[in-house]
Structure formats: C-alpha cells, structure tokens
Amino acid sequence: MNVNLKIKLGRISLNNPVLVASGTFGYGEEYAQLIDLNELGGIITKAVTLKPREGNPSPRLAETPAGLLNAIGLENPGMDVFLKEKLPFLRGFQTAIIVNIAGEKEEEYLVLAERLNQARGISALEVNISCPNVKEKGLIFSTDPEQTFSLVKRLREVTDIPLIVKLTPNVTDITETAQASEEAGAEALSLINTVLGMSIDVERRKPKLGNITGGLSGPAIRPIAVRGVWQTFQKVNLPLIGMGGITNAEDALEFILAGASAVAIGTANFVDPKTALKVIEGIKQYMQVKGIKNFKDLIGWLE
Ligand SMILES: Cc1cc2nc3c(=O)[nH]c(=O)nc-3n(C[C@H](O)[C@H](O)[C@H](O)COP(=O)(O)O)c2cc1C
C-alpha cells in the first residue's frame with residue numbers, strides 16, 4: 001500500500017513529517033556527508049542571532065541518565081555569515097528550510113526577521129524565545145504569555161514568512177504561551193525546548209557545566225514533551241511540531257497520536273545521524289500495517 005506522508009503546517013508544506021531539531025544539525029553541512037538531506041521533511045537550523053556569538057564557557061555538555069545537559073549559549077556566526085554562506089548551501093536541497101532565530105531584545109528579533117524576509121528559500125522562521133542557556137532576559141520571553149504575544153505580533157508585522165514559535169517547558173502551564181502565540185498570529189508551534197537542569201561533579205565539588213545550569217534533552221524528557229503536546233493540542237488550533245527525546249518511530253508516533261502534525265529529531269542525531277531517516281521509514285511501515293493511507297489521519301488519534 002502506498003502511503004501519503006505529505007503534510008501542511010499552515011502555509012508550510014513538508015514532504016514528510018520528520019524534521020531535525022535546531023542546534024543538533026548545525027546548518028546541514030556536516031550531515032550532508034552522512035545522509036541525503038533531500039529525504040528529510042525539513043531542516044531547522046541552529047539559532048541565528050544578529051551578531052556572531054561565542055557561546056558559553058566550557059564544559060558545555062554533560063551526559064546524564066538517558067539525557068544530555070547542554071549550555072552552548074547560542075554560539076553561531078551571526079546573520080551576515082548565515083545569509084552569505086549557510087543559506088545558499090541549504091537552498092540546494094529539496095527540503096523545507098526553517099531558520100531558528102534568537103535575540104537579546106525584541107528589536108533584535110525584528111531586524112533579523114526583516115532581513116530574512118528578503119532572502120529566498122526560507123520556509124519558516126522558528127522563533128526561539130525559550131533557550132534556557134543564556135543570561136539575557138530576552139531569551140526567556142516564552143515564560144511570559146504577554147511578552148510572547150507582543151513579540152510574535154510585532155514579528156508578524158515585519159515579515160511574511162510563516163512564524164513557528166518554539167515553547168519552553170520551564171513554565172507551570174505551557175498552554176498559556178501556546179495560546180498567546182496563536183492569538184498573535186503564529187503559523188505553528190514547536191515544543192519542547194530543553195528542560196532547565198543541573199549536574200554536579202562530586203569529586204571536584206563543581207557543577208559539570210561551565211554555565212552551572214543547562215538544558216536537558218534526550219529520552220529523559222520525552223514524557224514531559226508528550227504531555228506538553230497533548231495539553232496544547234486540546235487548547236490551540238495550530239499545527240504542532242513535537243520534539244524531546246525521539247529516538248525511533250515509536251517515540252515519534254507517541255507525539256503524533258498526542259496531537260503533533262510533525263516531529264523533530266534532536267539529541268538522537270548525535271548518536272545516529274540516520275535517526276530521522278529511520279523514523280520516516282518506521283512511520284511508513286506503521287501506516288502500512290495499520291492500513292492508514294494519509295499521515296494526516298494519524299494526528300491526535302488517541303483512543
Ligand atoms: C546541543 C543542543 C543545542 C541546541 N540548540 C538549540 C538552538 O540553537 N535553538 C533552539 O531553539 N533549540 C536548541 N536546542 C533544543 C533542541 O532543538 C530540542 O528542542 C531539544 O533538544 C529537545 O529535543 P531532543 O530531546 O530530541 O534533543 C538544542 C539542543 C541541544 C541538545
């Protein structure tokens with residue numbers, strides 16, 4: 001049986017529902033030597049900021065049970081280099097290119113969105129308002145529904161590119177920021193970003209990360225992410241991109257049945273760069289076995 005994996009997230013068309021998550025796939029250059037990027041549903045880039053950022057002091061990564069703690073601090077070459085070098089490379093592939101943007105202040109996001117609006121080949125902007133690893137207050141917009149609303153609304157005014165708002169799980173009720181994003185004109189939502197955590201080296205009596213705290217990702221956070229998707233699916237009408245600890249098709253299907261229209265593979269890319277391709281194949285097989293022709297029919301199909 002032929003199955004149809006195509007899916008639309010508002011105005012964003014995907015060949016299949018499996019993307020790679022921001023910060024775990026760079027700008028695609030290294031992975032292009034390992035897998036065929038054309039087979040992905042889409043690539044969400046590492047965060048792009050207005051100016052280059054060096055990121056946080058090392059160590060920036062620490063492994064924890066079933067998880068990874070990171071405090072990269074949004075290291076990236078900045079918007080000019082992205083537009084000149086990274087985007088032209090990504091444009092060469094037949095896959096959706098979603099650019100993750102981050103800023104320290106509202107104005108910075110607005111300038112980024114305005115400039116990217118003039119570039120060709122961007123399917124959507126993923127607005128990273130939820131990175132836990134940077135000190136500037138601007139990057140925790142997404143703990144506050146009012147700030148989220150204001151930022152998304154202003155972004156909506158300066159760009160025609162569809163906006164995907166990336167939500168943080170580090171709040172009491174994730175549906176509040178989800179609803180604020182919907183009201184402000186978001187096209188879709190990504191959830192979840194990493195969970196704020198900390199780990200200590202008891203021999204040295206020091207935090208394992210240079211930044212002290214960091215963002216936890218990987219299978220350890222999957223139930224938190226699935227719960228976030230399920231709760232949000234009940235409250236908003238926007239398409240959801242689910243992520244957090246997906247390592248195989250079964251993990252991805254948990255998110256889809258909970259209400260995600262697409263999924264993104266993050267930390268698992270570091271373990272096996274082919275994870276996303278295996279997930280696509282696994283979803284296809286599941287649909288064939290269950291006799292489901294259209295991927296759309298699976299979304300939110302929780303008994
Ligand atoms: C090393 C690393 C860097 C990340 N960088 C970004 C980033 O630049 N922007 C962003 O929105 N999310 C970033 N994330 C969060 C991921 O995109 C994803 O939301 C999170 O890791 C949960 O998915 P996972 O458990 O599959 O990794 C990063 C995650 C990791 C592990």
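Predicted model: local features only at pLDDT ≥ 70, side-chain atom pairs only at ≥ 80, totals over all residues.

Guide: Happy to! For 303 residues, a compact globule would have a radius of gyration near 19 Å, and the chain, at 18 Å, agrees with that. Its C-alpha trace spans about 55 × 50 × 40 Å along the principal axes. Of the 303 residues, 52% are buried. The chain holds 8 helices and 16 strands.

Now to the sheet itself. Four strands make up an open sheet, running in the order β5-β6-β14-β11 with antiparallel pairing. β5 (61–64) and β11 (195–198) stand at the edges with a single partner strand each, so one side of each has no neighbour in the sheet. From one strand to the next, the twist averages 40 degrees. Further in, β6 (residues 67–70) pairs with β14 (residues 213–217) in the antiparallel sense over 3 bridges. Here Leu69 stands opposite Leu216 in β14.

Follow β14, which covers residues 213–217, and you come to Ser217, which is among the closest residues to the ligand, along with Gly23, Ala47, Gly266 and Thr267. In total, 27 residues surround the ligand. That shell divides into 11 nonpolar, 14 polar and 2 charged residues.

Stepping back to the whole chain, among contacts between residues at least 6 apart in sequence, 73% join residues at least 24 apart.

Key: Residues numbered from 1 in each chain as written. Pairing = 2+ DSSP bridges. Helix = DSSP H or I, 4+ residues; strand = E, 2+ residues; numbered from the N terminus. Axes fitted to C-alpha atoms, helices over the stretch in contact; angles between N-to-C directions. Near = placed C-beta within 6 Å. Nonpolar A, V, L, I, M, F, W, Y, C, P; charged D, E, K, R; others polar. Rg over C-alpha atoms; globule rule 2.2 N^0.38 Å. Buried ≥ 20, exposed ≤ 12 C-beta atoms within 10 Å, placed from the backbone. Contact = placed C-beta atoms within 7 Å.
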